[in-house]
Amino acid sequence: MGGKSEVPLIVKGKRLDGRKADELRPIKIVAGTLNRADGSCYLEWGKNKILAAVYGPRELHPKHMQDNTQAVLRCRYNMAPFSVSERKRPGPDRRSVEISKVIREALERVVFLNYFPTSGIDVFMEVLQADAGTRCAALTAASVALADAGIPMKDMVAGCAAGKADDTIILDLNQEEDNFGQGDMPMGYIPSRDEIVLLQLDGEFTKDELEKAKTYAMDGCRKVYELQKEALKKKYAISKV
Ligand code: ADP
């Protein structure tokens, strides 16, 4: 990433997968897919496939981690060894520790942790198939799983990345664009509060490009947010006889 793309990624105004610059990949969100979890979500986003499971609020162990003033939110992002074309070495690595941390920090901004002192809320995100944009997809799935668990929140966080390829700002990078593009900017955003809770940047952007990427990512998050709400409504809608 960075510099000029070595492979043409935009041909005649279209991206290699046929999308326009500001187009999302197809997204499918299902709330409540795991019986044992208190809340869960299965999400497909392009070729990404992710499961999120929430447990809690429940008594936190080990006890020395307990906080008398609020719940402790623990997030674990994990990529399955079979989720990428080359086998990924199982277990945590620097990347998964970083992603778990930025997702936790984003979710801490919305969950009313002070309602549940001394308890723990665990959020597991398992990437079954990865094709770039997994931190945004995992954050999106985790938000739905938290809402599905009935955990009080200010609102859900939606995730979406924007980036740059062939000197063009694009929405929602796929693997080729992530590998051969010029920049990636994942975002976590709460549309109802107009609040950015996750923002990372890789690559080089001019000030104008940065503004455009920000607008693209926020618009993408708004669309994702609508799909998150739809998924919850689908599970909890009371059918009228
Ligand atoms: P994100 O998935 O949030 O875009 P990255 O930019 O770090 O995060 O990774 C981009 C993509 O690169 C991932 O979605 C995944 O498809 C791929 N990838 C990440 N880590 C590995 C790995 N260890 N082996 C193979 N592919 C990987």
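Is D93 buried, exposed or partly exposed? D93 counts as partly exposed, at 30% relative accessibility. This is a predicted model. The salt bridge count comes to 22.

**Helix 2 against helix 4**

- Helix 2 spans residues 134-148, and helix 4 spans residues 207-236.
- Two packed helices are described by the angle and the distance between their axes.
- Here the axes come within 10 Å and cross at roughly 35°.
- The crossing of helix 2 past helix 4 is right-handed.
- Helix 2 makes the contact through T140, S143, V144, A147 and D148.
- Helix 4 contributes V224, Q228, L232, K235 and Y236.
- By class, this contact has five nonpolar residues, three polar and two charged.

**Salt bridge D93–K88**

- Side chains of opposite charge can pair when their charged atoms come close.
- D93 and K88 meet through their side chains in a salt bridge, at 3.6 Å from N to O.
- K88 counts as buried, because its relative accessibility of 11% is under the 20% cut-off.
- D93 has 30% relative accessibility and is partly exposed.

**Salt bridge E105–K101**

- E105 and K101 form a salt bridge with an N to O distance of 2.8 Å.
- Both residues lie in helix 1, which covers residues 94-108.
- They are four residues apart, so about one helical turn separates them.
- E105 is partly exposed, at 33% relative accessibility.
- K101 is also partly exposed, with a relative accessible area of 42%.

- D17 pairs with R19 in a salt bridge, and their closest N and O atoms are 2.9 Å apart.
- R19 is buried, with a relative accessible area of 4%.
- D17 counts as partly exposed, at 37% relative accessibility.

Definitions and conventions. Residues numbered from 1 in each chain as written. Predicted model: local features only at pLDDT ≥ 70, side-chain atom pairs only at ≥ 80, totals over all residues. Heavy atoms only, no water. Axes fitted to C-alpha atoms, helices over the stretch in contact; angles between N-to-C directions. Helix = DSSP H or I, 4+ residues; strand = E, 2+ residues; numbered from the N terminus. Left-handed = near helix turned anticlockwise from the far one by under 90°. Contact = heavy atoms within 4.5 Å. Nonpolar A, V, L, I, M, F, W, Y, C, P; charged D, E, K, R; others polar. Salt bridge = Lys/Arg side-chain N within 4 Å of Asp/Glu carboxyl O. Buried < 20%, exposed > 50% of the residue type's maximum accessible area, 1.4 Å probe, protein only.
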